[in-house]
Amino acid sequence: MDSVIDARRASEPGLVVLDITAADEETVLALMDGLQQLWATSGITEIRRDPAQPGVRARVHADIRCTNPGGEAGLPQAGEGQTATAGQ
């Protein structure tokens, strides 16, 4: 997993990047599912296993300002539904 966080994903209050580490894939999947039930997230993301480290890892982007009671919709990807601002 790339350790660099894209600045757009945490550029203002309410936007977060969560790096998850757990013992197994089922735990990571359960957490990501729970998060997407609460907030607008990037959804169920790729789970990675690093042979040099214990457990599994995933990264989730979330907007905690937006509740997501429907659960399935994720955050817009680059270029989707985003408008340019004066600094872009």
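Helices (H or I, at least four residues) and strands (E, at least two) are DSSP runs, numbered from the N terminus. The structure described here in those terms is a predicted model, in which local features need pLDDT of at least 70 and side-chain atom pairs count only at pLDDT 80 or more, while totals for chains, interfaces and linings use all residues. Residues are numbered from 1 along each chain as its sequence is written, and side-chain values use heavy atoms, with hydrogens and water left out.

The secondary structure of the chain consists of 1 helix and 3 strands. Along the sequence these elements follow the pattern β-α-β-β. The chain has 88 residues, and 27% of them count as buried. Buried means under 20% relative accessible area, exposed means over 50%, and partly exposed lies in between, with a 1.4 Å probe and protein chains only. The accessible surface of the chain is about 5,800 Å², and carbon and sulfur atoms account for 55% of that surface. Such areas come from the Shrake-Rupley method with a 1.4 Å probe, and for residues only the protein chains shown count as cover.

Next comes the sheet. Its 3 strands form an open sheet in the order E1-E3-E2, and the pairing is antiparallel. E1 and strand E2 (39-41) stand at the edges, each with a single partner strand, so one side of each has no neighbour in the sheet. From one strand to the next, the twist averages 40 degrees. For that angle, axes are lines fitted to C-alpha atoms (for helices over the stretch in contact), and angles run from 0 to 180 degrees between N-to-C directions. Strands of a sheet pair through backbone hydrogen bonds, either parallel or antiparallel. Here two strands pair if DSSP finds at least two bridges between them.

E1 and E3 are joined in the antiparallel sense by 8 bridges. Within this pairing, Val17 has His61 in E3 as its bridge partner. E2 and E3, which also run antiparallel, are joined by 3 bridges. Trp39 stands opposite Thr67 in E3.

Over the chain, 59% of the contacts between residues at least 6 apart in sequence join residues at least 24 apart.

Gln36 lies in helix H1 (residues 25-38). Gln36 counts as buried because its relative accessibility is 4%. The side chains of Gln36 and Asp33 are joined by a polar contact of 3.3 Å. A polar contact is a pair of N or O atoms within 3.5 Å; within protein, one must be able to donate a hydrogen and the other to accept it, and residues adjacent in sequence count only if both atoms are side-chain atoms.

In strand E1, Thr21 is exposed because its relative accessible area is 52%. Not counting residues up to four places away in sequence, Thr21 touches Pro54, Val56 and Arg57. Thr21 and Pro54 are 33 residues apart along the chain, and their C-alpha atoms are separated by 8.9 Å.

Asp63 belongs to strand E3. With a relative accessible area of 7%, Asp63 is buried. A polar contact of 2.8 Å joins its side chain to that of Arg65. Two further residues can be located by their distance from Asp63. Ser42, in the loop between E2 and E3, is 21 residues from Asp63 in sequence and 9.1 Å away in space, C-alpha to C-alpha. Ser42 is partly exposed, at a relative accessible area of 21%. Glu12, in the segment before E1, is 51 residues from Asp63 in sequence and 9.8 Å away in space, again C-alpha to C-alpha. Glu12 is partly exposed, its relative accessible area being 41%.

Terms used: Contact = heavy atoms within 4.5 Å.
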